[in-house]
Amino acid sequence: MSEALLSIRDVSLSFKGIKALTAISFDVADGEICALIGPNGAGKSSLLNVINGVYRSDRGELTFAGKALRRPRPRLAARLGIGRTFQNNALFKRLTVLDNVLAGLTRKARASLLEHTFRVGRSASENRHFRELAEDTIAFLEIEAYRDWIVGQLPYGLQKRVELARALVSRPRLLLLDEPMAGMNHDEKQEISRFILDVNRDLKTTIVLIEHDIGVVMGLSDHVVVLDYGRKIGDGTPQEVRDNPDVIAAYLGTVH
Amino acid sequence: MTALAAPAPTQTVEHPDVLRRWRAGPLAIAGLVAAFYALGFVVHDYWFNAILIPFLIMALAGLGLNLLTGYAGQASLGTGAFMSVGAFATYNVLLRLPDLPLPVSLVIGGLFGALAGVIFGLPSLRIKGFYLTASTLAAQFFLPWLFNQYGWFSNYTTSGSISAPKLVFLGADLSTPLGRYLLTLTSVVILTWLAWNLVTSQVGRNWMAIRDMDTAAAVAGIPIAFNKLASFAISSFIIAIAGALWAFAYLGTVDARSFDLDRSFTVLFIIIIGGMGSIAGAFIGSAFVILVPILISNVSANLFAGAIDAGQSENLQKILFGALIVYFLIKEPNGLYALLLRARRRLALWPLKS
């Protein structure tokens, strides 16, 4: 296994005394698909929020691409190349699919406000370049037919794909996916799984994803981390985690 | 593409074209601008001050507010205040630096407006929505008071209302009705072009992203604070120039009382009625707000032969505007602009049912 792209050390998070995460440590290797699983309320989404700076942890260290993330904020995380999708879609509802995807490119923007205002300098070339990148990603995720639709009018499954496109268009090194297949049927899950594998293989993007469907997780991921009540109870290959007695207990209950 | 294909659009799902921008061709735009210039040389003098100049200036103010509210999602009731900054700053530049050419003085007035916008936009970094709107009232009450209170701003005139200096550019006297019209029209054309550039660029997209969901915008890498303040600055720049034109090209006097809260509300009505988040909306809304009162007073004078007096027709106008604003807020947040787009689509498909 190659070296860690993201390393999480001893991260704790609490909300007004209620512990959401307790001393979580694990590494995400460069190029892998890492699944975060665990029962509801285990702290999975909170952990993603800590990684890209939506929440600030009480304690602990994050290292991304060899550099310590001392004060992660969402925008800083994005600039460093951490992309993110949300459990409940967080799209720009009144914009078209194309504009949503283009908005994901801002971290690569170089042209200044004044250049855009007067249509001089880098403005035109950047517009053209961004348009090409957005079209590529839209084609990659096979949503060309909806390019000009207002996203608020699209069905849920397609919105999830638009959100993936927005996160992917700036080619992040690390992609955090919060339940990318929630509410989907078997076929839809297969399709999203295929996109995730394509992203991982073709674009060499490291992926951390939260998913409840254990079948999908076992088939998709290289590495599985299990959380329960804010603690890590399992960490290893899918096979190791499946055989871990603590994990079985968390999911199925134990005999007392 | 089978599993995730969208269901066939149902009647509740509108065709995407409905809300898409009106991609008017450059020829159509050039034609429209040329027609407005030509209009200046054919109409009666009455038209300039009664209709054309106030229409253009209020459209410009609406355009400025629409950048802030319609695009960047930050509601403001400080429009009148930012107009007053433009008027008083430009007046003082004309007075104290008389050698500067007129356009430069206007731009400096606009820059002071932008500065005021940034200062009174600072609360937007912490609060949103209704609370932010209420905080922009601070600008509305403070700035006109400041200009009234300290004589320096009005060059120590006793009445607090000062007549505008002569408008001259390149030796041409712009104080005639036609001159004031051409000055206004040219300013509007240039500023509209710049605003159009902005809203169709990545900057405009960032503003709309912040409007629709600011957390998601931050996660997507959009600098929130910078964009909010930039939208305040640019919006107030345009509004300040509208204020300077209102004082110099329309009223002929500089008076803080002409930039009261009513002015702020009128500009807000313009964008609600015309269309939030569209450039054409500011012009449609302004035409509506300027023309309807004239229409009402003409109709009540001619049709009812004086049975409705001026006070009543003014009340009628308020009732009509109030009802329309409630209607638009509930039924059509995208305003007359969206209604026009829909009508255009229906006409294009006619006689097929759309």
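The contact draws 45 residues from chain A and 31 residues from chain B, where two residues touch if their C-beta atoms, placed from the backbone, lie within 7 Å. On the side of chain A that touches chain B, the elements giving two or more residues are α2 (74-80), α3 (97-103), α4 (113-118), α5 (123-140), α6 and α7 of chain A. Helices here are DSSP runs of H or I with at least four residues, strands are runs of E with at least two, and both are numbered from the N terminus. By class, that side of chain A has 19 nonpolar, 11 polar and 15 charged residues; Ala, Val, Leu, Ile, Met, Phe, Trp, Tyr, Cys and Pro count as nonpolar, Asp, Glu, Lys and Arg as charged, and the others, Gly among them, as polar.

A word on the source: this is a predicted model, in which local features need pLDDT of at least 70 and side-chain atom pairs count only at pLDDT 80 or more, while totals for chains, interfaces and linings use all residues. Residues are numbered from 1 along each chain as its sequence is written, and chains are lettered from A and ligands numbered from 1 in the order in which they are written.

Chain A also holds an open sheet of six strands, in the order β6-β7-β8-β3-β9-β10, with mixed pairing; two strands pair if DSSP finds at least two bridges between them. β6 (82-85) and β10 of chain A are the edge strands with a single partner each, so one side of each has no neighbour in the sheet. Two of the pairings look like this:

| Strands | Direction | Bridges | Residue pair |
|---|---|---|---|
| β9(A) (residues 223-228) and β10(A) (residues 231-236) | antiparallel | five bridges | L227(A) with K232(A) |

In the hairpin of β9(A) and β10(A), two residues lie between the strands, and Y229(A) takes a positive phi near 50 degrees.

Over in chain B, helix α2 (residues 45-71) packs against helix α10 (residues 261-274) at about 75 degrees, with their axes 9 Å apart. Axes are lines fitted to C-alpha atoms, for helices over the stretch in contact, and angles run from 0 to 180 degrees between N-to-C directions. α2(B) and α10(B) are therefore roughly perpendicular, the word used for 65 to 115 degrees. Their contact has seven nonpolar, five polar and no charged residues.

Technical notes: Parallel < 35°, antiparallel > 145°, perpendicular 65-115°, else oblique.
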